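Visitor: I would like to see how the terms used for a model are applied. Please show it, and I will ask about the labels.

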Amino acid sequence: MLLSRRQLLAAASATLLAGCTTRYAQPIPSPGMPYEPYQPSGPRIPEEYLRMYAAMPNERFPIPAVDLRKVNPIYYRQVVPYSSNEPTGTIIVDTPNRFLYLTMEGGQAMRYGVGIGRAGFAWGGTARIAYKREWPRWTPPAEMIARQPELEPYRNGMEPGLTNPLGARALYIFEGNRDTIYRIHGSAEYWTIGTAVSSGCVRLINQDIIDLYNRVPNDTRVVVLQGAQA
């Protein structure tokens, strides 16, 4: 079950989470965690990461390469030691530290850097992936349109594409049969990875959300950790 405080904040959180808007404010640092864009001054970026985040021209909407100079290397996709009581194949979102883990056998996990919408700090608990979408449409809620009239053209949904806030893939998170309004999705704004943005859900670099999308089936368990839980 999700924490009860989420239910108390549902009205406010739903609008922000459903929106997954691209508008963002100043980054909010995690204690002890780097969050400024990385500016390399030493050895060049390893070839394995350049390949990992290379352009993807065969996608429905060709994805450009990531400028890794603008992403702290701690947030590059990588296999790391990770101890958890969760079963293999569980998605664990470490909200304070801006990481998403996919648990693997042998005490390891695939770790991805993420950006967290401020509304994402309002709840924690367990849920599941109800379904997944490639190049999803994005529909801002009426409350968001009222605050941001410039979104009126998208009342019935924004067509998929590189500028769509949900990016190349989206995982839709439900508690049982109830939509949590929480999404794990891609973003072209890779420089926001490792930060807390003004609103929205859990965002990954488009190359990373495609990798995660291909690894997890529907009904995958999702655990969101907050504060001392992480």
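Visitor: How many bridges join β3 to β4, and in which sense do the two strands run?

Guide: Six bridges join them, and they run antiparallel. Two strands pair if DSSP finds at least two bridges between them, so β3 and β4 qualify. The model is predicted: local features need pLDDT of at least 70 and side-chain atom pairs pLDDT 80 or more, while totals for chains, interfaces and linings use all residues. Residues are numbered from 1 along each chain as its sequence is written, and side-chain values use heavy atoms, without hydrogens or water.

Visitor: What makes β4 largely enclosed?

Guide: Five of the six residues of β4 are buried, so the rest of the structure largely encloses the strand. Buried means under 20% relative accessible area, exposed over 50%, and partly exposed in between (1.4 Å probe, protein chains only). β4 also pairs with β1, in the antiparallel sense over four bridges, and Arg111 in β4 is the bridge partner of Gln78.

Visitor: Why are β1 and β9 called edge strands?

Guide: The 11 strands form an open sheet with mixed pairing, in the order β1-β4-β3-β2-β11-β6-β7-β8-β10-β5-β9. β1 (78–81) and β9 (196–197) each pair on one side only. Inside that order, β6 (residues 125–134) and β11 (residues 221–225) pair in the antiparallel sense over four bridges, with Thr126 opposite Val223 in β11.

Visitor: Why is Ser84 called partly exposed?

Guide: Its relative accessibility is 30%, so Ser84 counts as partly exposed. Ser84 is found in the loop between β1 and β2. Leaving aside neighbours within four places in sequence, Ser84 is in contact (heavy atoms within 4.5 Å) with Ile92 and Thr103. The C-alpha atoms of Ser84 and Gly107 are separated by 7.5 Å, although the two are 23 residues apart along the chain.

Visitor: What makes the pairing of the Arg203 and Glu189 side chains a polar contact?

Guide: The distance is 3.0 Å. A polar contact is a pair of N or O atoms within 3.5 Å; within protein, one must be able to donate a hydrogen and the other to accept it, and residues adjacent in sequence count only if both atoms are side-chain atoms. The side chains of Arg203 and Thr192 are also joined by a polar contact, at 3.2 Å.

Visitor: Is Arg203 buried or exposed?

Guide: At 3% relative accessibility, Arg203 is buried. Arg203 is found in strand β10 (residues 202–205).

Visitor: How do you know that helix α5 is largely enclosed?

Guide: Eight of the 10 residues of α5 (residues 206–215) are buried, so the rest of the structure largely encloses the helix. Among the buried ones are Asn206, Ile209 and Tyr213. α5 lies across several strands, including β2 (91–94), β7 (169–175) and β10, and runs at about 105 degrees to β10. Such angles run from 0 to 180 degrees between N-to-C directions, with axes fitted to C-alpha atoms, for helices over the stretch in contact.

Visitor: How many helices does the protein have, and what counts as one?

Guide: The protein has five helices and 11 strands. Helices (H or I, at least four residues) and strands (E, at least two) are DSSP runs, numbered from the N terminus. Of the 230 residues, 52% count as buried.
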